[in-house]
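Biologist: I would like to learn how to read a model of this kind. Could you take me through it feature by feature?

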Amino acid sequence: DVPGLWLDLGPAEGSTPAPDAQAWAKGVAYSVGQLVTYGGITYRCILPHTAWPGTGWTPDVSASLWVSA
């Protein structure tokens, strides 16, 4: 509960994503709570959507759709 004691350095080298997280992919329909990995980071869907090709809705830039898990 004391955030000043910890610094998030991102995923550790060689870390393993959550076992129920699939790789993010274009054209897939995602539901709230679904976990994906993208760029070595695990994200949780916060708004149901389909990642249509060409939209650029990758988890790393779509804060309205994804949060890091």
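Modeller: Start with the overall burial. Of the 69 residues of the protein, 25% count as buried. Keep in mind that this is a predicted model. The protein exposes about 4,900 Å², and carbon and sulfur atoms supply 59% of that area.

Biologist: How many helices and strands does the protein have?

Modeller: There are zero helices and six strands. Read from the N terminus on, the elements run β-β-β-β-β-β.

Biologist: In what order do the four strands of the open sheet stand?

Modeller: The order is S1-S3-S4-S6, and the pairing is mixed. S1 and S6 stand at the edges with a single partner strand each, so one side of each has no neighbour in the sheet.

Biologist: In which sense do S3 and S4 pair, parallel or antiparallel?

Modeller: They pair in the antiparallel sense, over four bridges. Two of the facing positions can be picked out: Thr37 stands opposite Thr42 in S4, and Val36 stands opposite Tyr43 in S4. S3 and S4 also form a hairpin with two residues between them. In its turn, Gly39 has a positive phi of about 60 degrees.

Biologist: And in which sense do S1 and S3 pair?

Modeller: That pairing is parallel, over two bridges. Here Ala23 stands opposite Thr37 in S3. Thr37 therefore has a facing residue in S1's pairing as well as Thr42 in S4.

Biologist: What is the general idea behind side chains in a strand?

Modeller: In a regular strand the side chains alternate between the two faces of the sheet.

Biologist: Next, the core. What should I expect there?

Modeller: In soluble globular proteins, nonpolar side chains tend to be buried together. In this structure the largest nonpolar core has eight residues: Trp24, Tyr30, Val36, Tyr43, Cys45, Ala51, Leu65 and Trp66.

Biologist: Take Cys45 as an example. Is Cys45 buried or exposed?

Modeller: Cys45 counts as buried because its relative accessibility is 0%, where the limit is under 20%. Cys45 lies in strand S4, residues 41-45. Setting aside residues up to four places away in sequence, Cys45 touches Tyr30, Ser31, Val32, Gly33, Gln34, Leu65 and Trp66. The C-alpha atoms of Cys45 and Ser31 are separated by 6.5 Å, while the two residues are 14 residues apart along the chain.

Biologist: Which residues is Leu65 in contact with, leaving aside its neighbours within four places in sequence?

Modeller: They are Arg44, Cys45, Ile46, Leu47, His49 and Trp57.

Biologist: His49 is in that list. Where is His49 found?

Modeller: His49 is found in strand S5, residues 49-50. At 9% relative accessibility, His49 counts as buried. The side chain of His49 reaches the backbone oxygen of Leu47 at 2.8 Å. Apart from residues up to four places away in sequence, His49 touches Val28, Ala29, Tyr30, Trp57, Leu65 and Trp66.

Biologist: Last, the aromatic residues. How is a ring pair described?

Modeller: A pair of aromatic rings is described by the distance of the centres and the angle of the planes.

Biologist: How many aromatic pairs are there here?

Modeller: The count comes to two aromatic pairs. One of them is Trp24 with Tyr38, an edge-to-face pair at 5.5 Å centre to centre, with 85 degrees between the planes. Trp24 lies in the loop between strand S1 (22-23) and strand S2 (29-30), and Tyr38 in strand S3 (residues 35-38), so the pair ties together parts that are 14 residues apart in sequence. Trp24 counts as buried at 13% relative accessibility, whereas Tyr38, at 28%, counts as partly exposed.

Biologist: Why is the pair of Tyr30 and Trp66 edge-to-face?

Modeller: The ring centres of Tyr30 and Trp66 are 5.1 Å apart and their planes stand at 75 degrees; an angle over 60 counts as edge-to-face, so the pair is edge-to-face. Tyr30 lies in strand S2 and Trp66 in strand S6 (residues 66-68), so this pair ties together parts that are 36 residues apart in sequence. Tyr30 and Trp66 are both buried.

Key: Residues are numbered from 1 along each chain as its sequence is written. This is a predicted model: local features need pLDDT of at least 70, side-chain atom pairs count only at pLDDT 80 or more; totals for chains, interfaces and linings use all residues. Side-chain values use heavy atoms; hydrogens and water are left out. A nonpolar core is a set of buried Ala, Val, Leu, Ile, Met, Phe, Trp, Tyr and Cys residues joined through side-chain atoms within 4.5 Å. Buried means under 20% relative accessible area, exposed over 50%, partly exposed in between (1.4 Å probe, protein chains only). Contact means heavy atoms within 4.5 Å. A polar contact is a pair of N or O atoms within 3.5 Å; within protein, one must be able to donate a hydrogen and the other to accept it, and residues adjacent in sequence count only if both atoms are side-chain atoms. Rings of Phe, Tyr and Trp (its six-membered ring) pair if their centres lie within 6.5 Å; planes under 30 degrees apart count as stacked, over 60 as edge-to-face and the rest as tilted. Two strands pair if DSSP finds at least two bridges between them. Accessible areas come from the Shrake-Rupley method with a 1.4 Å probe; for residues, only the protein chains shown count as cover.
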